[in-house]
Amino acid sequence: MARASKKSGGIGLQRAGSSGMLQWLGLAFIIMLVDQFTKVLIVGYYHLGDSTYVTSFFNVVRAHNRGAAFSFLADSSGWQRWFFTALGLVAAGVIIWMLKSHPGQRLFSFAMACILGGAIGNVVDRMVHGYVVDFLDFHSHGYHFPAFNVADSAISIGAACLILDELLRVRRGR
């Protein structure tokens with residue numbers, strides 16, 4: 001059963017009950033699984049610091065990040081592992097609540113599902129390894145972007161979609 005969603009301006013359809021939220025939780029779960037699968041492959045086939053040349057601008061590497069984005073706080077004494085784990089779990093709880101509140105807002109919910117899947121993927125790493133496994137290494141003219149992973153990519157895509165969703169919402173409000 002579907003009904004027009006007042007929260008989405010009537011543009012999308014919202015499924016009655018929790019079934020609308022389940023599709024977004026399913027997407028988050030798939031993102032988390034793909035993230036963990038790729039990390040299992042990297043941990044199984046690469047030693048820390050190993051690198052495989054793929055193209056003139058991309059390598060597959062095995063790197064460990066004990067901090068947050070761009071290795072923020074990576075050199076701290078170890079407390080950051082638990083801080084970022086707790087932060088990820090709190091964020092997951094808030095995102096699940098937001099998904100439950102807005103399942104008919106498709107772009108918003110897609111963004112939240114991407115962020116949720118990525119956040120949980122990195123939380124699993126922190127709990128299992130004590131660090132996040134990164135392996136995607138882009139570079140050009142001697143500059144290396146910090147290595148990242150599928151979870152980080154999903155979080156970035158989700159953040160970009162949140163910005164787009166807000167821009168579209170403001171535009172519709174004019």
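# A tour from the salt bridges to the rings

Start with K39 and D125: both are buried. Buried means under 20% relative accessible area, exposed means over 50%, and partly exposed lies in between (1.4 Å probe, protein chains only).

The model is predicted, so local features need pLDDT of at least 70 and side-chain atom pairs need 80 or more, while totals for chains, interfaces and linings use all residues. Residues are numbered from 1 along each chain as its sequence is written, and side-chain values use heavy atoms, without hydrogens or water.

## Stop 1

Keep K39 and D125 selected and show their side chains. They meet in a salt bridge, 2.9 Å from N to O. K39 sits in helix α1 and D125 in helix α3 (residues 106–128), so this pair ties together parts that are 86 residues apart in sequence. A salt bridge here is a side-chain nitrogen of Lys or Arg within 4 Å of a carboxyl oxygen of Asp or Glu. Helices (H or I, at least four residues) and strands (E, at least two) are DSSP runs, numbered from the N terminus.

Which residue does the D35 side chain meet in a salt bridge? The partner is K39, at 2.8 Å from N to O. D35 and K39 both belong to helix α1 (residues 19–45). They are four residues apart, about one turn of the helix. Like K39, D35 is buried. Show the three residues together: D35, K39 and D125 are linked in a network of salt bridges.

## Stop 2: a pair on helix α4

How many salt bridges does the model have? The count comes to three. Go to R169 and E166 for another of them: their side chains meet at 2.5 Å, N to O. Both residues lie in helix α4 (residues 150–172). Three residues separate them, about one turn of the helix.

Check the surface here. R169 counts as partly exposed, at 45% relative accessibility. E166 is partly exposed too, with a relative accessible area of 36%. K39 and D125 at the previous stop are buried.

## Stop 3: two cysteines

Select C114 and C161. Their sulfurs are 6.2 Å apart, too far for a bond. For C161, the closest cysteine sulfur is the one in C114. C114 counts as buried at 5% relative accessibility, and C161 counts as buried at 14%. A search of the whole structure finds zero disulfides. The cut-off is a pair of cysteine sulfur atoms within 2.5 Å.

## Stop 4: the sheet

Switch to cartoon view and find the open sheet. Its four strands run in the order β3-β4-β5-β6, with antiparallel pairing. β3 (51–55) and β6 (143–144) stand at the edges with a single partner strand each, so one side of each has no neighbour in the sheet. Strands pair if DSSP finds at least two bridges between them.

Zoom in on β5 and β6. They run antiparallel, joined by two bridges. Select H139: opposite it stands H144 in β6. Then pick F138, which lies in strand β5 (residues 132–140).

## Stop 5: the rings

How many aromatic pairs does the whole structure hold? The search finds four. Select F58 and F138 for one of them: a tilted pair, 4.7 Å centre to centre, with 35° between the planes. This pair links distant parts of the chain, F58 in strand β4 (residues 58–65) and F138 in strand β5, 80 residues apart. Next take F145 and F148, an edge-to-face pair at 6.0 Å centre to centre and 85° between the planes. Rings of Phe, Tyr and Trp (its six-membered ring) pair if their centres lie within 6.5 Å; planes under 30 degrees apart are stacked, over 60 edge-to-face, the rest tilted.

Colour these residues by accessibility. F58 is buried at 14% relative accessible area, whereas F138 is partly exposed at 33%. F148 is buried at 17%, whereas F145 is partly exposed at 37%.

Ring pairs link F57, F58, F138, F145 and F148 into a cluster.

## Stop 6: the surface patch

Finish in surface view. Select F57, F138, Y143 and F145. They form a nonpolar surface patch with about 410 Å² of accessible area together. Areas come from the Shrake-Rupley method with a 1.4 Å probe; for residues, only the protein chains shown count as cover. Patch residues have over 30% relative accessible area and no salt bridge; like charges are joined within 9 Å, nonpolar side chains (Val, Leu, Ile, Met, Phe, Trp, Tyr) within 5 Å.
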